[in-house]
Amino acid sequence: MSRTAGRRDAGTDRRLLTLVGLIVVLASGVVVGAIASLPRTLPDSVRDIGTFATLIFMITLGGVVKASIRVRSTTHSIAWVETAVVMGVAIAPASWVVASTVLGVAASSIILRLPAIKSAFGIGKNVLIAGGTVAVASLLDWPGESPSIGGLIGTLAIVYLVAALLDDLLAMPVIALASGTPIVRQFRTDLDLRVAGFAVRFLVAACTVLILRADPRLLLAVPPLVLSLHLAYSARIRTRTEQQAWQRLARATDALNVVDLDQVLTTAVTEASELFSADEVEIELRDGGRTVRGNGTDIAYDGTAPQPSAVDGQVMPVPLEGHDRTDDVGVLRLRFAGPVELSEREQYTLRTFASALCTAVRNAQAYAELARIAEDHAYAATHDALTGLSNRRHLLDEGSAQLTTRHADGVTALVLIDLNHFKEVNDTLGHGAGDRVLIQVAERLRDAANPDDLVARLGGDEFAVLLRGLPAPAVAAHRAEALLAALHDPLDLDGMRISVEASGGIAVAPATGGMPELLRRADVAMYQAKRAGQRVATYAPARDTADLSRLTLGGELPRAVADHEFTVNFQPIVDLAGGEVIGAEALARWHHPTHGLIDPLRFLEAVERSGLLPAFAEAILDQALIAAGSWRDAGFDLPVSVNVSPRSLLDARFPGAVLARLRAHDLPPDRLVLELTETLTLSQLDVVDRVLSRLRDSGVRLALDDFGTGYSSLSLLSRIPVHELKIDRSFVGAMETAPEAAAVIRSTLDLGRSLDLTVVAEGVESEPQRRALWELGCAAGQGHLFARPLPAAALLAALQRGHGGRTGALAPALHDAGAVIRLPGRRTGRTRPSPPAATDARQP
């Protein structure tokens, strides 16, 4: 068996030349020894010359008639030289065998026009095989004097086995170097075919020896026998090779039946490398210009930037197109280190593989597009399109999953954030500017949140942050403050600096109710923060009108309204200077038949949400106006103030209902003061403007309650001029210790004087507070210093009883009658008003 090898790189080339040189040197020693003994055994008869010539012819024929197998750019040829050599040992002296081997292999190399290195390797390898075979035959004394047929065949088998082993041992390292294949793998390649080939050639050698033993003249019949067996063996090799090729093609195309494009390309490179025995396979896709390059063991390159191949040799490109040639997704390139010519079968296999690869690439690209679309849809279903934050659905899903494992993951809390004045941005600058504000707010919240937090936009200007893994519930408040602090700095909007204010509500995960309950509690806390004028508020069960423990009260509201269980107490409003009562504020109470007196904090918001607000407001307004009428009949003509719910201002029928009640009780409109709580709604909705304008134009007086704690005070004053401002009790309580509180009171009084408004201070608890307010220019006040809320009759009795012999007074005067007092600025002596639908949640 002989094989011819090609080359791959310079380092391998040097090792290959060294190995071939070593084989040639060793063979040269064998040739020298044969030449030294040749004179003693020169052919001296026609028979000897014929035998020598026949032996040369057989070796030449064995080198020319081959079965070729290509591995990469290397062609491995299975020859019959060692068979001819073994037969030569049986019929000729050792020196003849070596000499005929040199001459026969040289002749076959010339006939086949082999390169010099291949010719040198072939001669050297076969000379060493001849030398080894001759040496073993000599040790076994073969052929001896007329051995038995069994002994002859046994000895021949040993000699042939040595020749076969020498052939593989000498050829395999050279082939492995030339083809870049590991030696062990090269030994295993086609081992069954090689063994079968050795067996066939051994059978030929045995038959030939037996024929020659019977009659040496029959030697001329051996070449036709060898040729016929060779053709049969070659046909078997071709059949086996094609069968294996089709099986590999089927496995390769099956391996491409995946939907991941990366896997398709990687599989195609490795499978094509093995299928076509290529040194390198390259796939270039037209879509995106991606190139994947590698061999049967690894991927050398995968990218879009142009990069030259390390294999410098023959390139066979084939387009990646379908059977109908309508789709062209790229090109498949086979690279070989040396010249290669594909057989017709290999060319058809290549086209079939390229078509299968085209289909696999199209399927993978289509699947990737479908997966991308599905991912986009899934992302769109769980994320806000404008800001990219999670949406309400994603928040609920993630929060629900978090709450199921919170026992092992710390405390879970939710911060609900709502922007203030956002509608004014949309109305003034347009919705495009509003969208950019929301985007910047989302970016700031995302940057301020921890990596484990989930930031979501719930809709409009409402955001939420799910805090996960907190070490303690108290940490939620600090985290919420940090989130809202991130919104403190003004936003840059087309060169303008826009300040954004926000209110936040904090709720810690409840024991029951899951994520919907957590979201509801955070919403309640956020609403409480807005009502209190705070930036952040933590959920307080005591202030939650929708708490499950209070649902029974909500169910009893219709009965309570029908049975007149809601009553009104009145807190007097006093002239700070003289102590006389100048008005009264109506405060609703619920006298429950079972639970007794129920605090308004527990039912007012429930009333607003129940649909009973108009009936409730009318009942409170009726009682307030009845009380005002009774005081007037007793000689105390006092205006009554009633707190109005923001929801009532959204009802266009509300002014008509108020005026109807005034007519029914025969009271002039200016005897009713409607106290408005500062809310964003008041300054944003046109319907509110119309309702308040109609009431004011009808003579009803308007007061702005809790002034300074809300967000729309100045906006409301510019759109619906009110008659009265009420300073929130929090500023009055802190004025003696907090300069900021005193500054707010002073600014409010200055504003009242400028707009000719009455200013009333709430929560006056002590004489020092009363005197300080009076000295600042505040005309009126209310609080426990003068009286707690009283029923209408009790207040009338207090008025009739008076203070210090002065009826209508509840406190001594701050100065004697006729004294001259200097106060800062002008003090108005106007009386103060009062509001309708009593929904004040304060407990004086």
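**View 1. Asp666 in the loop between helix 21 and strand 19.** In this predicted model, Asp666 sits in the loop that joins helix 21 (654–664) to strand 19 (672–677). Its phi is near 55 degrees, a positive value in a residue other than glycine. Asp666 has 58% relative accessibility and so counts as exposed.

**View 2. Arg113 in the loop between helix 4 and helix 5.** Arg113 is placed in the loop between these two helices. Phi of Arg113 is near 55 degrees. The value is positive, and the residue is not glycine. At 76% relative accessibility, Arg113 counts as exposed, because the cut-off for that class is over 50%.

**View 3. Helix 4 packed with helix 5.** Helix 5 spans residues 116–139, and its axis lies 9 Å from that of helix 4. The packing angle is about 160 degrees. Helix 4 and helix 5 are therefore roughly antiparallel to each other. Their crossing is right-handed. From helix 4, the contact draws on Ala94, Val97, Val98, Thr101, Val102, Val105, Ala106 and Ser109. Helix 5 meets them with Ser119, Gly122, Ile123, Asn126, Val127, Ala130 and Val134. By class, this contact holds ten nonpolar and five polar residues, with no charged residues.

**View 4. Helix 3 packed with helix 4.** Here helix 3 (residues 81–91) meets helix 4 (residues 94–112). The two axes come within 10 Å and cross at roughly 150 degrees. Angles over 145 degrees count as roughly antiparallel, so helix 3 and helix 4 are roughly antiparallel to each other. The crossing of helix 3 and helix 4 is right-handed. Helix 3 contributes Val81, Val85, Gly88 and Val89 to the contact. Helix 4 contributes Val97, Thr101 and Val105. Five of the residues in this contact are nonpolar, two are polar and none is charged.

**View 5. The largest nonpolar core, with Phe566 among its most connected residues.** This core has 79 residues. Those with the most contacts inside the core are Phe566, Phe570, Trp631, Leu672 and Leu773. Helix 20 (residues 613–633) supplies the largest share of the core, nine residues. Around Phe566, the contacts include Leu557, Ala560, Val561, Arg589 and Trp590. Phe566 also touches Phe603, Phe616, Ile620 and Gln623. Residues up to four places away in sequence are not counted for Phe566.

View 6. A separate core of 43 residues is shown here. Among its members are Ala90, Ala99, Leu156 and Val174.

View 7. Pro593 is exposed, with a relative accessible area of 59%. Beyond its neighbours within four places in sequence, Pro593 is in contact with Arg559 and Glu565. Pro593 and Glu565 are 28 residues apart along the chain, and their C-alpha atoms are separated by 8.2 Å.

**View 8. Gly808 in the segment after helix 28.** Helix 28 covers 792–801, and Gly808 lies in the segment after it. Gly808 has 7% relative accessibility and so counts as buried. Leaving aside neighbours within four places in sequence, Gly808 is in contact with Gly579, Glu580, Val581, Phe636, Leu799 and Gly802. Gly808 and Val574 are 234 residues apart in sequence, yet 9.7 Å apart in space, C-alpha to C-alpha.

**View 9. Asp279 in the loop between helix 10 and strand 3.** Asp279 is found between helix 10 (261–275) and strand 3 (280–285), in the loop. At 3% relative accessibility, Asp279 counts as buried, because the cut-off for that class is under 20%. Asp279 and Arg335 are 56 residues apart in sequence. In space they are 5.8 Å apart, C-alpha to C-alpha.

**View 10. The whole chain, for context.** The chain has 28 helices and 24 strands. It has 844 residues, and buried residues make up 50% of them. Among contacts between residues at least 6 apart in sequence, 72% join residues at least 24 apart.

Definitions and conventions. Residues are numbered from 1 along each chain as its sequence is written. This is a predicted model: local features need pLDDT of at least 70, side-chain atom pairs count only at pLDDT 80 or more; totals for chains, interfaces and linings use all residues. Side-chain values use heavy atoms; hydrogens and water are left out. A nonpolar core is a set of buried Ala, Val, Leu, Ile, Met, Phe, Trp, Tyr and Cys residues joined through side-chain atoms within 4.5 Å. Buried means under 20% relative accessible area, exposed over 50%, partly exposed in between (1.4 Å probe, protein chains only). Helices (H or I, at least four residues) and strands (E, at least two) are DSSP runs, numbered from the N terminus. Contact means heavy atoms within 4.5 Å. Axes are lines fitted to C-alpha atoms, for helices over the stretch in contact, and angles run from 0 to 180 degrees between N-to-C directions. Angles under 35 degrees count as roughly parallel, over 145 as roughly antiparallel, 65 to 115 as roughly perpendicular and the rest as oblique. A crossing is left-handed if the near helix is turned anticlockwise from the far one by less than a right angle, and right-handed if clockwise. Ala, Val, Leu, Ile, Met, Phe, Trp, Tyr, Cys and Pro count as nonpolar, Asp, Glu, Lys and Arg as charged, and the others, Gly among them, as polar.
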